Amino acid sequence: MAGRPYRPSREDAAMELRALRSELEQNFKPVFEKHGREGIELAALRQELEDEGLMDHISQSRMEELLQRADRDADRRITYPEFERMMTRDLTKSERSRFQSVIRAAVLDIVPQRYRDDFLANYNCCPPPLFIIFISIAEIVVFVIYALELKEMGEPVTATHGVAMYSPLVYKPSRRYEVWRFLTYMLMHQGYMHILFNMLFQLAFGLPLEIVHKAWRVALVYLLGVIAGSLAHSISDHHVGLVGASGGVYAILGAHVAAIITNWREMNYRCMDEDELQDNTCRGIGRIMLSAPVRLAIILILVVPDTSLAVYRRIVEPENQKVGVTAHIGGFLAGLLLGVPILLNIRRHDWETILGWVTLAIYLAFVALCCIFNGVYGGYPPTDWSGWE
């Protein structure tokens, strides 16, 4: 007797549908919720599906048909209920398995509208800002170790004096061949006020920057700013040593200015908005205090005292204790130049991409020229080979 083809019962079909909806709710609903009630932009979803290779599984015309049918209210956006209806009713079973494997990656790649409009929406502590905390602890530990050592030598550290210029971490013009000094000078500080100001600036401006832009971006800008600071110092103060994290600190400040330039509109989102101030006064005031013009004004106001203190030390310190100030300028310019291509840009425009490549080229050209200058200029102190002979 010929067998009949198997057809699932209504109960089986209903159970299968419930399982599918449960799977969709678990895997996709949280993603859609990030985009708010308005849903995901249809154009963005279409582009991401193409980028994820959906065209390898279904035709372009079929994809367009599915997206148009999903957008039932024709608002050019896909909400979760519309998405669920498409997955459960519009797709065939064979299409569903292929479509589902691609669409989650596509949806995850789409930045929610509120993150692109509102800069403050991008503040989150996941992952936590560990780099600034780590580098600050390292600088404090090194300072304490050398302060204790200097105290035993009868040269106690004061508010503005006291630095172990004999340390292999200090940048010295006579020992430029020890290339690590172009970076490790950031761990050394001259007096309590020097490290206090640097730590305050570093934590106050570095932590908010890292919360938005994350550790790897901030670490890259910071360390490259430190190097730019020592290179700038090496071509301007040929006979003067260099200590302090000011190159990195000022790179953070310069990076803030770069972020303000590229995210000016997003930082001013709903700033001075009457509805926002009436609905939540504290939040409205917070938006004003964190707006682009206020951020820029705070940076400019706070930079002046620290730079003035550095200039004062440069003028009044004894010759063997002098340290340079051009590291501040080099670090700031490095942060400004590198912040454009490296830091997170909430809504990147074509001109910002071009600007990023230009500023990166300027930074690399500066580094190359400084290295060449260090190699060919004959006005540095005689090379000190002690300890290597």
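An unreviewed UniProt entry lists residues 130–148, 191–212, 219–236, 242–264, 285–305, 325–344 and 356–380 under "transmembrane region". The model discussed here is predicted.

Two of these spans can be compared with the coordinates. Residues 130–148 are 100% helix and 0% strand. The C-alpha atoms at the ends of that span are 27 Å apart. Residues 242–264 are 78% helix, again with 0% strand. Here the end C-alpha atoms lie 35 Å apart.

Now take helix 11, residues 215–236. Two packed helices are described by the angle between their axes and the distance between the axes. Helix 11 packs on helix 12 (residues 246–262) at an angle of about 125°, and the axes are 7 Å apart. Angles over 145 degrees would count as roughly antiparallel, and 65 to 115 as roughly perpendicular. Helix 11 and helix 12 are therefore oblique to each other. Their crossing is right-handed. Which residues of helix 11 meet helix 12? They are Val221, Tyr222, Gly225 and Val226. On the helix 12 side the partners are Gly247, Gly248, Val249, Ala251, Ile252 and Ala255. This contact is made up of seven nonpolar residues, three polar ones and no charged ones.

Helix 11 also packs against helix 17, residues 326–342. The two axes come within 7 Å and cross at roughly 140°. This crossing, too, is right-handed. Helix 11 contributes Arg217, Leu220, Val221, Leu224, Gly225, Ala228, Gly229, Ala232, His233 and Ser236. Helix 17 answers with Thr326, Ala327, Gly330, Gly331, Ala334, Gly335, Leu338 and Ile342. By class, the contact of helix 11 with helix 17 holds nine nonpolar, eight polar and one charged residue.

Tyr222 leads on to the aromatic rings. The whole structure contains nine aromatic pairs. One of them joins Phe131 and Tyr222, with ring centres 5.6 Å apart and planes at 75°, so the pair is edge-to-face. Phe131 sits in helix 8 (residues 130–152) and Tyr222 in helix 11. The pair links distant parts of the chain, 91 residues apart.

Finally, look at a loop. Thr160 lies between helix 8 and helix 9 (181–184). What does Thr160 contact beyond its neighbours within four places in sequence? The partners are Gln190, Gly191, Met193, Arg313 and Glu317. Thr160 and Met193 are 33 residues apart in sequence, yet their C-alpha atoms are 6.0 Å apart in space.

Note on methods:
Residues are numbered from 1 along each chain as its sequence is written. This is a predicted model: local features need pLDDT of at least 70, side-chain atom pairs count only at pLDDT 80 or more; totals for chains, interfaces and linings use all residues. Side-chain values use heavy atoms; hydrogens and water are left out. UniProt positions are given in the numbering used here, feature names are shortened, and annotations may be inferred rather than shown by experiment. Helices (H or I, at least four residues) and strands (E, at least two) are DSSP runs, numbered from the N terminus. Axes are lines fitted to C-alpha atoms, for helices over the stretch in contact, and angles run from 0 to 180 degrees between N-to-C directions. Angles under 35 degrees count as roughly parallel, over 145 as roughly antiparallel, 65 to 115 as roughly perpendicular and the rest as oblique. A crossing is left-handed if the near helix is turned anticlockwise from the far one by less than a right angle, and right-handed if clockwise. Contact means heavy atoms within 4.5 Å. Ala, Val, Leu, Ile, Met, Phe, Trp, Tyr, Cys and Pro count as nonpolar, Asp, Glu, Lys and Arg as charged, and the others, Gly among them, as polar. Rings of Phe, Tyr and Trp (its six-membered ring) pair if their centres lie within 6.5 Å; planes under 30 degrees apart count as stacked, over 60 as edge-to-face and the rest as tilted.
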